[in-house]
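User: I would like to go through this structure with you. Could you take my questions in turn?

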Amino acid sequence: MKIAIFLPMRQAAQIRAALDGHDQVCVADSWDSLEALVRLEPLSVVVFNPATDGTMDNTRACRLICRYSSIPFVAYVPVDASFVRGIAHMSNDGLQDVVVFHADDSPSRFRKTLERVSSVPQVSTLAEMLEPWFRRLPGALVDVLKDALRQPHEYASAEDVAAAASMTVSALYRSFRHAGLNSPKSFVVGARVFRGYVYMRDVGFSVCDVATKLGYTHPRIFAHHVESVLGASPSRIRHSLDDSAAQSRIVSWFGARERSSSDSAHRQLARIVCFLVLVDWAASFAGTLVFS
């Protein structure tokens, strides 16, 4: 997980105890720096205290939660009546969870909370839709592919997928062919595009923000991938494409090997037809020359 925290020192120390060596922590020292992290870093969850900077700023917290609804926010607060009203407002705006300082914040419980809220519902649904293909793949590879759907920024190439699954690139491609999936490279692209789609449903993210979060070197490359996979520009899909349609298009992209084979067959047939027409025309033309 990659976690952004905006917390007083004692609470920051407590949450670090709940993390493991694979987790990454991004520390914000102001509301502005927290928003910058949310916009540009591929975060799993944000943990904050609305009074970290010395003043209770429920309005700023609610604004962030509303603008970036695909990012789970967890309030980490002490037992204090002054926080109750603000937490109620934040919950109405989409606050994912509340952890009470020195009450329910043991490392194990905190860890379970972070793991639960960081699950992305759209990604979980997509993974379920891919089960017919996943059942034909080695278990270790399936785990990596599901992680690639959740954290596509961690997988820039087929080589990254193969290394994470402890297999060779050639074995990875063989596994995909056996399962009837498109290429591993296409899976990497599709995973990034779908996660980008989820981000773009939030009003706070620009296309440039999303491209940066996903590890693209230029927004134009991301926009090209979106059009190739989802069939429309980023500006159009963020307003006109719902989750069900996006998931269906991604599944079609992942399983496009059969479709590509079919298209190839159609192209081959078209070439044969054109050749026969050309032969027929040539024969007719030759006959005309003879009679003339």
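User: Let us begin with aspartate 209: is it buried or exposed?
Analyst: Aspartate 209 has a relative accessible area of 5% and therefore counts as buried. Buried means under 20% relative accessible area, exposed over 50%, and partly exposed in between, with a 1.4 Å probe and protein chains only.

User: Before we continue, what kind of model is this, and how are residues numbered?
Analyst: This is a predicted model, in which local features need pLDDT of at least 70, side-chain atom pairs count only at pLDDT 80 or more, and totals for chains, interfaces and linings use all residues. Residues are numbered from 1 along each chain as its sequence is written, and side-chain values use heavy atoms, with hydrogens and water left out.

User: Back to aspartate 209: which side chain does it meet in a salt bridge?
Analyst: Its partner is arginine 39, at 2.9 Å from N to O. A salt bridge is a side-chain nitrogen of Lys or Arg within 4 Å of a carboxyl oxygen of Asp or Glu. The pair links distant parts of the chain, 170 residues apart: arginine 39 is in helix H2 and aspartate 209 in helix H12 (residues 207-213). Helices (H or I, at least four residues) and strands (E, at least two) are DSSP runs, numbered from the N terminus.

User: And how accessible is arginine 39?
Analyst: Arginine 39 has 28% relative accessibility, so it counts as partly exposed.

User: How many salt bridges are there in the whole structure?
Analyst: The search finds twelve. One of them joins arginine 60 and glutamate 35, at 3.6 Å from N to O. That pair also links distant parts of the chain, with arginine 60 in helix H3 (residues 58-67) and glutamate 35 in helix H2, 25 residues apart. Glutamate 35 is buried, because its relative accessibility is 11%.

User: What about arginine 150 and aspartate 147?
Analyst: Their side chains form a salt bridge of 3.8 Å, N to O. Both residues lie in helix H8 (residues 139-150), three residues apart, which is about one turn of the helix. Arginine 150 is partly exposed at 43% relative accessibility, whereas aspartate 147 is buried at 18%.

User: Which residues are joined into one network?
Analyst: Asp32, Glu35, Arg60, Arg63 and Arg67 are joined by salt bridges that share partners.

User: Changing topic, in what order do the strands of the sheet run?
Analyst: The order is S2-S1-S3-S4-S5, an open sheet of five strands with parallel pairing. Two strands pair if DSSP finds at least two bridges between them. Strands S2 (24-27) and S5 (97-100) stand at the edges with a single partner strand each, so one side of each has no neighbour in the sheet. From one strand to the next, the twist averages 25°.

User: How many bridges join S1 to S2?
Analyst: Four bridges join S1 (residues 2-6) to S2, and the two run parallel. Within this pairing, isoleucine 5 stands opposite valine 27.

User: And which strands does H2 touch?
Analyst: Helix H2 (residues 31-40) packs on the sheet and touches S1, S2, S3 (45-48) and S4 (73-77). Its direction makes about 165° with that of S1. Axes are lines fitted to C-alpha atoms, for helices over the stretch in contact, and angles run from 0 to 180 degrees between N-to-C directions. Contact means heavy atoms within 4.5 Å.

User: Where is arginine 192, and what is the nearest side chain of opposite charge?
Analyst: Arginine 192 is in helix H11 (residues 184-200). It is buried yet has no salt bridge, and the nearest side chain of opposite charge is aspartate 160, 6.6 Å away. Lys and Arg count as positive and Asp and Glu as negative, while His and the chain ends are not counted. Beyond neighbours within four places in sequence, its contacts include His153, Tyr155, Tyr216 and Phe222.

User: Finally, which element has the lowest mean pLDDT?
Analyst: Helix H16 (residues 256-291) has the lowest, at 46, and helix H9 (residues 158-164) the highest, at 96. The value is the predictor's confidence in each residue, from 0 to 100. Over residues 272-277 the pLDDT is below 50, and this stretch has zero contacts in the model beyond near neighbours in sequence. The protein chain averages 86, and 87% of the residues score at least 70.
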